[in-house]
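Here's a quick walk through this one, with the sequence and coordinates at hand. Have a look at the structure before reading on.

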Amino acid sequence: METITINIDKRTKELFRETVRKEYGLNKGQLGKAVNEALLKWVEEKEQRLLARELSNLMKKGFDMGKIKYKSRSELYER
């Protein structure tokens, strides 16, 4: 485990602690467990948004599909 010192506003702290208490109880280590879970979720959401943005940019850019070898759709099925 690692230690990080952060500053958050009082209201956020109170809401977070209360939610952790309801979800996990008052046992030792539960606050750290919840912070870890929250941070992982945040990172996953940010990575997903970044991936979606990159894929969207690729779609806008377009793809080189090579030379078209068929003049009509029916030629695909004649083989």
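## A greasy patch

Which residues make the nonpolar surface patch of about 520 Å²? Leu51, Leu55, Leu58, Met59 and Phe63 do. Keep in mind that this is a predicted model.

Take Met59 as one of that group. Met59 sits in helix 2, which covers residues 30-61. With a relative accessible area of 60%, Met59 is exposed, because anything over 50% gets that label.

## Where helix 1 meets helix 2

Helix 1 (residues 10-24) and helix 2 have axes that come within 10 Å of each other and cross at roughly 105°. So helix 1 runs roughly perpendicular to helix 2. On the helix 1 side, the contact involves Phe16, Arg17, Val20 and Tyr24. Helix 2 brings Gln30, Leu31, Lys33, Ala34, Val35, Glu37 and Ala38 to that contact.

Leaving aside residues up to four places away in sequence, Val20 touches Gly25, Gln30, Leu31 and Ala34. Val20 and Gln30 are 10 residues apart along the chain, and their C-alpha atoms are separated by 7.0 Å.

## Out in the loop

Is Lys69 buried or exposed? Lys69 is found in the loop between helix 2 and helix 3 (74-77), and its 69% relative accessibility makes it exposed.

How many Å separate Lys69 and Glu14, C-alpha to C-alpha? The answer is 65 Å in space, with the two 55 residues apart in sequence.

Key:
Residues are numbered from 1 along each chain as its sequence is written. This is a predicted model: local features need pLDDT of at least 70, side-chain atom pairs count only at pLDDT 80 or more; totals for chains, interfaces and linings use all residues. Side-chain values use heavy atoms; hydrogens and water are left out. Patches are made of residues with over 30% relative accessible area and no salt bridge: like charges are joined within 9 Å, nonpolar side chains (Val, Leu, Ile, Met, Phe, Trp, Tyr) within 5 Å. Accessible areas come from the Shrake-Rupley method with a 1.4 Å probe; for residues, only the protein chains shown count as cover. A salt bridge is a side-chain nitrogen of Lys or Arg within 4 Å of a carboxyl oxygen of Asp or Glu. Helices (H or I, at least four residues) and strands (E, at least two) are DSSP runs, numbered from the N terminus. Buried means under 20% relative accessible area, exposed over 50%, partly exposed in between (1.4 Å probe, protein chains only). Axes are lines fitted to C-alpha atoms, for helices over the stretch in contact, and angles run from 0 to 180 degrees between N-to-C directions. Angles under 35 degrees count as roughly parallel, over 145 as roughly antiparallel, 65 to 115 as roughly perpendicular and the rest as oblique. Contact means heavy atoms within 4.5 Å.
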